[in-house]
Amino acid sequence: MRRVVSLFLPHLAIERLRRLDRHATRPPERPALQLPVDDDPGACSVPRGGGWRPGARWARADIPTRQDVEGENAALPAHAKPPMRELGRRSEAANHPFHGPAQADSHDRVAATVAAFHRAPLALVGKVGRREEVVAACDGAAALGITIGMAATHARALVSDLDIRPSETEADAAMLDQLALRAVRRWSPIAAATPPDGLWLDLTGCAHLHGGEERFCRRLRAFCQRAGFTARVAVADTPGAAHAIARFGPADIAIVPTGRTVEALSGLPVAALRLAGTVLVAARKFGFERVADLLPVARGPLARRLGLAAITRLDQALGAVAEPITPRTDEVMPVVERRLLEPIVTADAIAQVMEDLLGDMAELLRAKGLGVRSLRLGGLRVDGTEQVVAVGTSRPTREVSHLLRLMKLRIERIDPGLGLEQFYLAAPHTEPLDAVDLGAVLAGEVLVRDPARLVDVVAGRIGADAVFRIAPVESHVPERAVMRADPVVAPAGWPKWRRPTRLLARPEPLWGVIALMPDQPPRRFEWRGRPHKVVAGDGPERIHGEWWRRDAEVWAVRDYYRVEDETGGRYWVFRRGDGFVEDTGDLSWWMHGVFA
């Protein structure tokens, strides 16, 4: 019989932030106060071990205890037993309330009370539609009237010192993914996250490894408490039933016996079936408050009232419809290695080992349907040191010849020393690799038009940061209109206006400019110490500053011209200002680009 565990973390987002705050602002530990202790205080009426004076009547060893007196009274005949009045007059020593040992749980209760008193109420706010709403609230905020779905402005007005922070949905999902990965590695091979606040664990066949279901639930809940999370755990025959009981059940740990799923679900509200808000409104309209109200109703009328989704959820919780759990996979880095009989030091021998390792890696990747984006080769020398080199690709691939060519570019960086006796090849970054399109090859086209190989080779020689393409950006200012992009992907959406082939990183000033104001191109200018006589020009092309960025660009104006000098050089120059209003620019001339 299938057994599914549902772990519910009701305050995951709140307690995750609490953990971050606690680790970030942890106060320094104060040293314990050490008082001088005299092991031999001399003659004293009070013993070193504590308690009362040794000469006191109640401290003598020959005084009978209460159990001894009761045993003696029970052995007496009925006419000789003392009356209850005399038994009640008997005086005994009572434990002093401040001298007795303190209970273990009292310290925890006091510490929790003090921590809750000094902790400010916390609420998380997220964007829901067009307004900001409270998506999570701690117990202190809930006690002050903060509810889920309340507007953020209402919450601020209701509690003045409310600590409001933006919700981090991606961080919460990452935390759930980490818990699911830990569950796969430690508890069950089938575990999955149930966003936004829970986990599913399939405990079928592995409960005995943890000492049974009850002990496993206690250990799971104790683990969550040590991690700083409030947890509720439920075990049932179906994932839907475990999910419902963990969130709406009466106990923090609930174990439903096999075959009693219907009985456990009957008393739960309809919202436990993971229904949408509109379905819950319809259920209240027709008087369905508990799951037990849905069971006697025929499926046809119930589907017309609540929809097919409600029928599916009900059948999944009861086990009539299968609900598989897609487990969180524990990805293992592909690694292959070779141990050599004798150390090697030559480049040819190292290249041969690289080829053998790449062949093994290609077979491993082909079985998993993956391609590599980066490879790391490590060689262990006979003196115990390690030599590591790495290569990267612009696209996922498992072609041995291409990868071997990239790896050979790194041989010169390997110092064999006295010899290399062991190699390993790891793929830290892999991606799914689909089937390769061979239509062009089968048609007889032998020219490879994919630039990925060329990019990989060039990047392997001069560095990956030195190879890039220029992509357009929606901006009229030339220096902001382009950005660096992936060299493999061809950018699209270039504007129709002409721009120089080479755009200078920063405009360079021009000197000795002769131009007819206000709209004529320059007739002469000096750039980088050389004079240029203009024989042809076109313009102006007026570009205004982007006023929404800063105040200095409100009146900024540039008039660009395309000019050609007597030697055939074509340049892109501009004048600051429109020639009429002084605030638009100082009428200085600048070089901004060169045409091919």
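1. Val 389 has its place in strand β11, where helices (H or I, at least four residues) and strands (E, at least two) are DSSP runs numbered from the N terminus. The model is predicted: local features need pLDDT of at least 70 and side-chain atom pairs count only at pLDDT 80 or more, while totals for chains, interfaces and linings use all residues. Residues are numbered from 1 along each chain as its sequence is written, and side-chain values use heavy atoms, with hydrogens and water left out.

2. Why is Val 389 counted as buried? Its relative accessibility is 7%, and buried means under 20% relative accessible area, exposed over 50% and partly exposed in between (1.4 Å probe, protein chains only). Leaving aside residues up to four places away in sequence, Val 389 touches Leu 375, Arg 376, Leu 377, Arg 410, Arg 413 and Ile 414; a contact means heavy atoms within 4.5 Å.

3. In helix α18 (residues 452–462), the buried residues are Ala 452, Val 455, Asp 456, Val 457, Ala 459 and Gly 460.

4. On the chain as a whole, the model contains 18 helices and 21 strands. Of the 596 residues, 35% are buried. Among contacts between residues at least 6 apart in sequence, 56% join residues at least 24 apart.

5. Confidence should be considered next. The mean pLDDT (the predictor's confidence in each residue, from 0 to 100) is 81, and 83% of the residues reach 70 or more. Over residues 27–60 pLDDT stays under 50, and the model has 12 contacts beyond four places in sequence for them. Residues 85–92 likewise stay under 50, with 6 such contacts. Where pLDDT is low, predicted coordinates should not be read in detail.

6. The count comes to 1 cavity of 30 Å³ or more. A cavity is a set of points, on a 1 Å grid over the protein atoms alone, where a 1.4 Å probe fits but cannot get out; lining residues have an atom within 4 Å of a point. Grid points are joined across faces, edges and corners, and a volume is the space filled by probe spheres set on the points. The largest cavity holds about 60 Å³.

7. Which residues line the largest cavity? They are Leu 7, Leu 9, Leu 179, Arg 182, Trp 187, Leu 199, Phe 223, Cys 224 and Phe 229. By class the lining has 8 nonpolar, no polar and 1 charged residues (Ala, Val, Leu, Ile, Met, Phe, Trp, Tyr, Cys and Pro count as nonpolar, Asp, Glu, Lys and Arg as charged, and the others, Gly among them, as polar). Helices α7 (169–186) and α8 (213–226) each supply at least two lining residues. Ring pairs link Trp 187 and Phe 223, together with Phe 216, into a cluster.

8. There are 8 aromatic pairs, in which ring centres of Phe, Tyr and Trp (its six-membered ring) lie within 6.5 Å; planes under 30 degrees apart count as stacked, over 60 as edge-to-face and the rest as tilted. Trp 547 and Trp 548 form an edge-to-face pair, 5.6 Å centre to centre with 85° between the planes, and both residues are exposed. Tyr 560 and Trp 572 are stacked, at 4.2 Å and 25°. This pair links distant parts of the chain, with Tyr 560 in strand β19 (residues 557–565) and Trp 572 in strand β20 (residues 570–576), 12 residues apart. Both Tyr 560 and Trp 572 are buried.

Notes:
1 Å grid on protein atoms, 1.4 Å probe; cavity = no way out; pocket = protein on both sides within 12 Å on 5 of 7 lines; lining within 4 Å.
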